[in-house]
Every structure is written in C-alpha cells, then in structure tokens.
Amino acid sequence: LQGPIVQVQTVTLKPGHQFGFLNHLPEWSEALLVEINVNHIVSEDCRRHFKKELAKRKAKRKASAARGTTRQDPMGSSFIDRNDPFFHVSPVLTGSAGGGGGGAESIRD
C-alpha cells in the first residue's frame, strides 16, 4: 500500500493502551502510527460514507499542527521500500542458511 504520508504519531504503549492491534508488543514500547492518503484507492462512495470521520481527522491534524505537536513525513518518503535489506529476514533466523540449519541443535560439546 503506497500513498502520501499525511501524519506520523509516536505513541508509548502504556498498560491498558487503546491500540488493541498492538497488543503483541511489550508495554512501554514506542510505536509510530502512520496515516497515509488513500483517496486514490478508495471509491467515491466510501469517501462519502466516511466524510464526517475524515473531516474530524483533518480538523484534529490541523489543530495539532497549529500547536506544533505533529510531525509530517519524518523520513522524507511516502512509502516503504520493500527491497531495503532492513525488511529482509536473515537466513540464520529462518534456518535456511544451510550447514545443519543453525540453532542450538547444531552446537556440540
């Protein structure tokens, strides 16, 4: 999914936080919530259906920007490069590096 970044929010996951979809992360972790513009993907009917909610978010972003508490696109890009090695799983972690699969079972006394 690609689109222009609209807002980036840093949250600290305190006990009982409101982001249930982040419950797999440890408490007190920091997470970045990135809002992107998906108007080029979403149908006109869908935009019309969520018009009030979208207007509220826009007003909230505007108020936050006026207070200076919003960061806009801190990384200078509007998408994640899936070819970036940072996002690739190491063969050692997957056991596909060859040579016995790695891990504790290959350690000898």
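A salt bridge is a side-chain nitrogen of Lys or Arg within 4 Å of a carboxyl oxygen of Asp or Glu. With that in hand, let's look at some close-up views of this predicted model.

**View 1. Arginine 48 and glutamate 44 pair up within helix H1.** The side chains of these two residues meet in a salt bridge, with 3.7 Å from N to O. That distance counts because the cut-off is 4 Å. Both residues belong to helix H1 (residues 44-49), and their spacing of four residues means they are separated by about one helical turn. Arginine 48 is partly exposed at 49% relative accessible area, and glutamate 44 is partly exposed too, at 44%.

**View 2. Arginine 48 also joins aspartate 45.** Here the closest N and O atoms of the salt bridge are 2.5 Å apart. Aspartate 45 and arginine 48 sit three residues apart in helix H1, about one turn of the helix. Aspartate 45 is exposed, its relative accessible area being 55%.

**View 3. Salt bridges link up into a network.** Which residues take part? They are Glu44, Asp45, Arg47 and Arg48.

View 4. The partners are arginine 57 and glutamate 35, whose side chains meet at 2.6 Å, N to O. Arginine 57 counts as partly exposed, at 41% relative accessibility.

Terms used:
Residues numbered from 1 in each chain as written. Predicted model: local features only at pLDDT ≥ 70, side-chain atom pairs only at ≥ 80, totals over all residues. Heavy atoms only, no water. Buried < 20%, exposed > 50% of the residue type's maximum accessible area, 1.4 Å probe, protein only. Helix = DSSP H or I, 4+ residues; strand = E, 2+ residues; numbered from the N terminus.
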